[in-house]
Structure formats: C-alpha cells, structure tokens
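Reader: I would like to learn how to read the strand pairing in a model like this one, and then how to read the surroundings of a single residue. Could you take me through both, step by step?

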Amino acid sequence: MGNSDIFIEKQELPLVCDNHDCSFQLGSGALVEAVKEYGLVMADCGETVYQGTTCPKCKRTIARAFPRDRLLIDPSKFIAAPIPDARQNLVEQVEDRANHIAGASRLGFHWIPAWDEQAITHGELVAHIRRYKQPQRPHYPPVAMIVTEFERRLEQENRLMAVDDSPETYIRRFYPDVPKYRNILTVLAPGRASVNTTINMIHYEGDSDTEQQIRKRAWIDLFDEVWGISVTQTAQERINLAGFGHLQLGDIENEFYRRIRLATEWDVIEECREKLQWVGGWKALVSSIKNHVDEIIQSACVELMSSWQVEERRSELSSWKDHFEKGMALFIDAPMGLGKSHSIIDALTEKKQLSAVIFMPTNLLCEEMALHLKVRIAIKLGIPWIEYKDKVKDRNFRVEDVYYADGINEDECPHFGAIVKRYRANWAVKGDFCSECVNTQTCRFRSHDKFIRRARIVVTTHKQYDRFYGNRDLQKRLIYGNDGNQHEIDRNLFIIDEDLLMTNCYQPIQLTFEEIAKTCSVIIDFLDEEDGDDKDEMVSLIECLIGKINLCQETSIIPPLVPKFKFSKYLKESWGENIPTIHDLSPDRFDGQDFVGNHLEVIENAIRKGLSVQRYPQAKGGLDSAGGTVKSVFLPNPKEYNLQRMPPHVFFDGTLLDKRLIEHKLRNVKMRTIRYDLKKVRTYKIWQNEYTDFPKYRLRNDMPKIESILDEIFLKRGAEENYFIICSKGLRQYVDQYIKEKYAGFQIVTEHYRNLRGKNSAKHCNVCIVLGSFIPSDAVEIAAGIDFIQEILHKEKYPIKTKDTVWSFQTNKFVRRYKEKYGVVQVFANALRQTEHRQALARTRYIYHDVDFYIFSKDRVADYEPFFRGAKVTPCRADLFKPMPRYKHPDCNKESVKNAAMEWLETHDTVTATEIYNEYGIRRQTVGKFLYSLCVKGILTRIGKTKYGLP
C-alpha cells in the first residue's frame, strides 16, 4: 500500500506531537508510515471527529479534532480493529447498522463482520440484543463517544504511556484495508455469531462453515505474505518429494489450517486481542508466525502423510478376509496400533456367512470386542440405538451372533481358589468340584458349550485356545437349515489377536524345587500302581532328574537324560483317566507361566530334552527382599499344535516371531504372511541411557536416581503433558507411590511389563518414560530355546554352568551375549525382551502422533523398533549411569577379535580397534595387531589408516 493510497488533507499538516519534550512533526510521508505501523486513532464525536496516530518518536498518542466534512485522513480505506469480546463486538456493529438504516451518516470505514449474515439476520440480532443487552465494558474503546469522554480517554492513555511502554489503549485503532491488515484483523477477530437452532439462541463460537472458510483463507494468505512464498505449495513440494504426490492441494490447505489452529493457541494471540492490537500489536503476531511457519509446514506435511498412509494401510488391512483358505495359517504382520482389531470387526460384520472364534490376550479386550461386534451387528440390522443401548452390555444380548466365553472367576465360582490350586498343582489333586457344587444347575460356565455351538462369533481368551483345539465339537457350529433341522458345520476360521505361540508354546514352565519334587513324587506314586516291566527304569530316570536338579549350586542346564525317552501310550491313557474333570472351566485370571498343563507330558519332555535350573542368592539391595537363595526350575514347554484338521487360522501380531520359531510349533499347515509397512514420516525425539536396566537386586540403591530422573523430566516438560511410564512390576508400586505424593496433579499413566497386551490407556500420551528393561533370567531364555540346541546338549553328560560357558558379559554394559554355538538362544533372548519393549512403546500409539521417549535400558531402541532405525538417539544422564570400567576380555585371542569384528560389521560398514575396545573391552593394541593379521589373510580389507571392512 503506497502513500497515495491513503488520502490525506495536506493543508492540515504537519501533525505535531503535543509532548513538549518531543514536538515531533509528522508530514505526509511520516504520517502514512506511522498509520501503517501503529494504526489510525479515530473517535466519532458527532460534528467533530478526532483523528491521529502514535508518535513514532515518543510513542505518545496524537489526536486532533477535525470537522466531519474535512477530515485529516479518509476513513473509507480503513478497517476498525474488532473488539475482542464477541458479544460487545456484535452489539457495536448491530447498533452501527441500525443507525445507518435510520439515516445517520457514518464515517465510511469497514468492519470485520461480527455475525454470519447467511445464518442470522440483522433483525433477529436487534431483537436478541434488546432482550439480553448488557452494559458495555469500559475497557474496550468504542468508535462513538462524546468529546469529554474522548479527552478523558486520551489523557488516561498518555498518562499510562509515561510509566509503561505497553499500556492498555482507550481509543480505537483503525488499519489500512489491504490484504495484510484485513487478514490480521480477521484472524484476531472473535468468532462470528450465528443461531443455535437447538435452543434458539445466538452463539459466538464462529464454527459455521462460512466462518471456517473465511478464517482458513485469511490464515493461509497471512502465512504466505509473512513467509514470502505459498506455504501450501511449499508443503505440496515436500510431500511430493516424500512420495505422496497423490495428495490434493485442497487436502493440504485443510490440514494446514487445522495445524494453524493447533499451533496458534499461543499466548500471543490473546495478548494481541486484549492489549496490543490497537497499537500495532499485530507485529507480535507476525513475529510469532515467522517463528512457527516452518514448524507448521513440517507438522502439516507429517500429519497429512501419516494420516493418508495409515488410512490406506487400514483399507488394505481389511482385505485379509479374502486371503485365508482351508489348511492355512495366515499371518498379518502390521505395525501395532494400525487397527487390526477394527479390521476383524469389519470383516465379521460385513460377511454374515463367516463363523469365527476370536482369541484375545485379556478379558478386558474380549469384553470390548464382544461389545463392538454386537453394536455393529445391531446397526447393520437397523435396530434403533434406543432399543439396545441398555442391553448391549448384557452377556445375553444377541448371543446367537456374538458369545463371550470367559473362564471361571473368583466372584462367580465358589471353588475358584481350589480349582486354581489344582491347576497349579498340575492336576495332582483328584476329585471333581463341580459335581458337588451347589451352583451346578445354574452355573453360567457349565452352559458355555451350549451357547458356543449356537453362536456365529465366539470371543474368548488365549488361555481358552487349548480347550477349542482339543474339542472337535467346539470347532463346529449348529445351525438350522432350510429343512427346519439342525445341522453341524465347520467354523470358517480361528482368529488370534496378538502373540499366542510365545506364551502358549515357548513360555517355560516354572516350578520351585519343592513343587517339581512333589510333581515327580505324584508321578512315581502313579507308576507304582501301574503294571509294566520298565516302570523301575522310569522311576529311576525321574529320581535321577530330581537328583541332578538338587545338585545344581549355580544356574545350570541339565542335558537330556534319555533323548528318545517316552512314556508308553498305555501309561498316558491311564494317566488321562486319573486326571480329574472340571468341564474345561479354565481360569483366565492368572499369569501364563502358572498354567502348567499335562503333568506327565512335561516331565517326559524334560527327560528327553533337558531343562534349566536357576539358582542365585537374593541380594538384600532389592526393594522388598530379605536375602536368601532362590532356586527355580524351568522346564521346556512341550506344547505344539497340529492344524491339519483345524479351521483356518489368522494370526494378527505386530511383533511377529522368527519364521523358524513359528514352523517349529505349528504342524501340517500351509503358512502365508501378509506384511503391511508404513513409511517413516514422523521425527521422534529419543533420549536413551544404555548403561542400566534397573535390575531388581539394585532397586533400593537406584530409587534416588529414579526419583531424580522423574523430577528432571516432569519439571522440564510441565503438568500440561501426558506421560506414560513403563517399568518392572516390582518397581511400579514405588513409582506409583512417588507420583501420588509429589505429582498428583500431573497426567501420568503407569504400567509394568507383562501387563501390556491390548492396553489403550496410554494412547494419548506424548511423553514415554521407560525405566529399565524386561529382564528374563538366563534360565528362562535357555528353557525357551532348548529345542534348538539339542545336538549340543546330547554331547554333554553333566549339568552345564551357564555363566561363562553358555554366555558371558561381552560388553562394558554387562549384557548377556550367548556363545556362538548357543546363538539360537540369543534369538529367544531378544524375542522375549524386545517384543515386550516394542509392546511398551506402542502403547503410546506413536504412529498417530509425535511422542518423545526417555529410555533407560541396555537394549538400543533403534535395534528392535523399525520405526526408530536411523533416528537420532541422544545419550542422557551419564552422570547417574556410566559405562562399566573397561576390563580385559577373558578370551583375548585372534578368534575373539575376529568374532567381535564380524559381529560389529553386521550393523556397520567399517570397524576400528577403538570401536572393538569400547564395545567388547578387548585391549586396543591387541585388537590392532589381530585386525592387521586378518587383513593379511584376506578376511578383512583395510580402509584408510585405522578402519577395516569386509572385502
């Protein structure tokens, strides 16, 4: 806007500052610049109109009276700065319109409209204001006032200016009606009024479609002017460069406006509205925009790309229902949080001919799944919400469509404790509780089978899978045919949400020494009652097994006693007859490791394949320990599933197991995996300390450090963030107590490892704090992978001490690394730890929004979470947790250097002696000598002076 665009009555110039210490004179050019900078001061006092501006030198407000027919500046090219209070802004403009309609002359300036003329008429507004008119707040300067009021306001404004550079203004400002200022005032104006038809009242939210389009355009044009280029085109170029060229400009503008609305909830907006906008406060807004433009463009691009690909993958994910077939196990490998459960609901409600059993990890997830299925089916059938809203949570609502078959619980089953104890005792207690129970005739659990057979969809927990696997009747459904008779048909599929194989087939069976001694005693008593020439030999093997376990003074592996050992078919059948029946009423509500399974089969498997014994002194440094010795026995899980005659299986899992682990436990079935990947479009902030796992035995000493960590994060991030804390079960109770005492007003979700599956309580959290790792013992890792090291164990005759024989601490972080010949156990070790860590991080649903991670764990997050590979990870709190002192490697020879170098080169392009020293603790000079010899032999090649790589 040039000087010529503002009409000035030059004979009235110069405009002189009336501050005697200043007396600055504003000629034509200086006046135009001052008006563009600070706005035009104007007050309508009838025959006299005051006009002026702010003195550029002393910032005093200058105003002179002019006749109405010969003003200093033509107001027709100016916009009145709107009043921040929506109601007062509306009242002022309605009254101005009414005066104009009545014939009163006006000054000709423009308004940023205070109401949506398409939604409400002027007459409706007048009637509303007359009914509910409130006195105008004197804080907001009006356009029209009497001369004495104007003089009082001018004197008050200038008096305050003498003591405060940013005073409250008492005289109205007007700005040139050009795109820049119109956009600024549009975004600063309160929402336009419209009619709430529900209550027949005016509301001021400014949420009409017209208003949103106007504001969107104003914000985008304002950003374009400040940025100097089109922000939406800039965003489109970045999106195209990232491979998302199909996104339309309209979509980009809508998302950009949404991000602006989120980002412009800055304090500066309210500050501009309430205090500064009349005296050039828009500069603060423009300055803030300059600081946020690139941030908003980037966040808009990320949000657009992320949302688009998530929706695209979700759409693809729902097509799984077209890919399963008889004799198949279909694995759906998709990022956690993508919507696997929703795709199950979509498939089963769209295809009414599908009959399925859905297995989920927890009771809560089962209840949610059953509820959502029933609601979707009711909607599909056109049942009005009012008819089923009070019934949908009832178990008996539409049981012919969806039936939730849960296990027994302590509230409904009077014998729950005794039955759980029986399960824990490996079926060692005979007798049948149900036959003598007073609730036998009305027991809900005993009627499960009847409803399961009749329901099209059954929802149940992972713990009930064995029941459906072993009961052919439950794999079928009863329906009534067109002939009016009941028919039996095979179910179309079994759906397993989250991992089942690791918990059901690989999770070792944990018993104390006393429990396994009792277990073996029951089997020996059983054998004594049976006939057979080889029973003495079997008893001897069982006693030998107990003896070897008892002799273990350190954590050890007991190799197979007789690799081909089997109990006879006759004995197993006889044992089965002695197992007491409880009508398949499996409890759901206790840890997976507590459910042992068939007593005889487990011991047979241990004799054939070996087992591991964990023995260690329980240190007094733990939070709740008092010392003593712990001795646990971990027996390999013998369970596997033959799916040859089973319905097709569909496995949904975002932490899919290694293929060889799956094939080892699923037999006679064709396998297929469908993978759904997401591009990494978000930039995650990650801080990690790799030198602590917060082991249980150190928790008492580590608690002050943990408190220091939490204090630092909470004080830095503040109470407005949403926090998620994951830690061990033992640590959680102390963290919960500390938070309760010191940070009760913060929004914090806490969880512990092994209690994460399907939890959604942290999905809105944007700060994730990981306090330690999930740390299974070496005995657990070895027992889980014992099937895969049989060739090694068959050659061993005595218990094998695990530390330094099977594994050793090979790095300065003291992380277990298994020897090369036991390398497959490392696969299980990584799977047990890292899948639990991935589950923990995924609870934040980081694919949908930005999350900052503070991780205290020895497992590098970039090594196990695909989304974080390549992400910048910043070390943190080295003052609390430092690398362990360097130590001489126990096997300091050419082979150890070679193994270390090859391991390092699996994830890096080059290796140096310093890197091996830092990571493996082997002396630098020794490494340098052996690396050179490996280079001479052609195993490595030299790159520069100190680096080596593969040829």
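Reader: Which residue is the bridge partner of V49 in strand 5?

Author: The general idea is that strands of a sheet pair through backbone hydrogen bonds, in either a parallel or an antiparallel manner. In this predicted model, V49 has F66 of strand 5 as its bridge partner. Strand 4 and strand 5 run antiparallel and are joined by seven bridges.

Reader: How many residues lie between strand 4 and strand 5 in their hairpin?

Author: Six residues lie between them, and within that turn K59 has a positive phi of about 65°. Strand 4 also forms a hairpin with strand 3, where two residues separate the strands and G46 in the turn has a positive phi of about 85°. Those two strands run antiparallel as well, with five bridges joining them, and M42 stands opposite Q51 in strand 4.

Reader: Is strand 4 mostly covered or mostly exposed?

Author: Strand 4, which spans residues 48–54, is mostly covered, since six of its seven residues are buried.

Reader: What is the order of the strands in the open sheet?

Author: The order is 5-4-3-7-6, so five strands make up this open sheet, and their pairing is antiparallel. Its edges are strand 5 (61–67) and strand 6 (78–80), each of which pairs on one side only. Neighbouring strands of the sheet are turned against each other by 35° on average, with direction ignored.

Reader: How many bridges join strand 3 to strand 7?

Author: Two bridges join strand 3 (residues 40–45) to strand 7 (residues 173–176), and these strands run antiparallel.

Reader: Let us turn to a single residue. Where is N637 found, and is N637 buried or exposed?

Author: N637 is found in the loop between strand 20 (629–635) and strand 21 (641–642). A residue is called buried when its relative accessible area is under 20%, and N637 is buried because its value is 11%.

Reader: Which residues does N637 touch, leaving aside those up to four places away in sequence?

Author: With those sequence neighbours not counted, N637 touches T503, N504, C505, Y506, Q507, I509, N605 and K665. For one of these residues, Q507, there is also a polar pair to look at: the backbone oxygen of Q507 lies 3.1 Å from a polar atom of the N637 side chain.

Definitions and conventions:
Residues are numbered from 1 along each chain as its sequence is written. This is a predicted model: local features need pLDDT of at least 70, side-chain atom pairs count only at pLDDT 80 or more; totals for chains, interfaces and linings use all residues. Side-chain values use heavy atoms; hydrogens and water are left out. Helices (H or I, at least four residues) and strands (E, at least two) are DSSP runs, numbered from the N terminus. Axes are lines fitted to C-alpha atoms, for helices over the stretch in contact, and angles run from 0 to 180 degrees between N-to-C directions. Buried means under 20% relative accessible area, exposed over 50%, partly exposed in between (1.4 Å probe, protein chains only). A polar contact is a pair of N or O atoms within 3.5 Å; within protein, one must be able to donate a hydrogen and the other to accept it, and residues adjacent in sequence count only if both atoms are side-chain atoms. Contact means heavy atoms within 4.5 Å.
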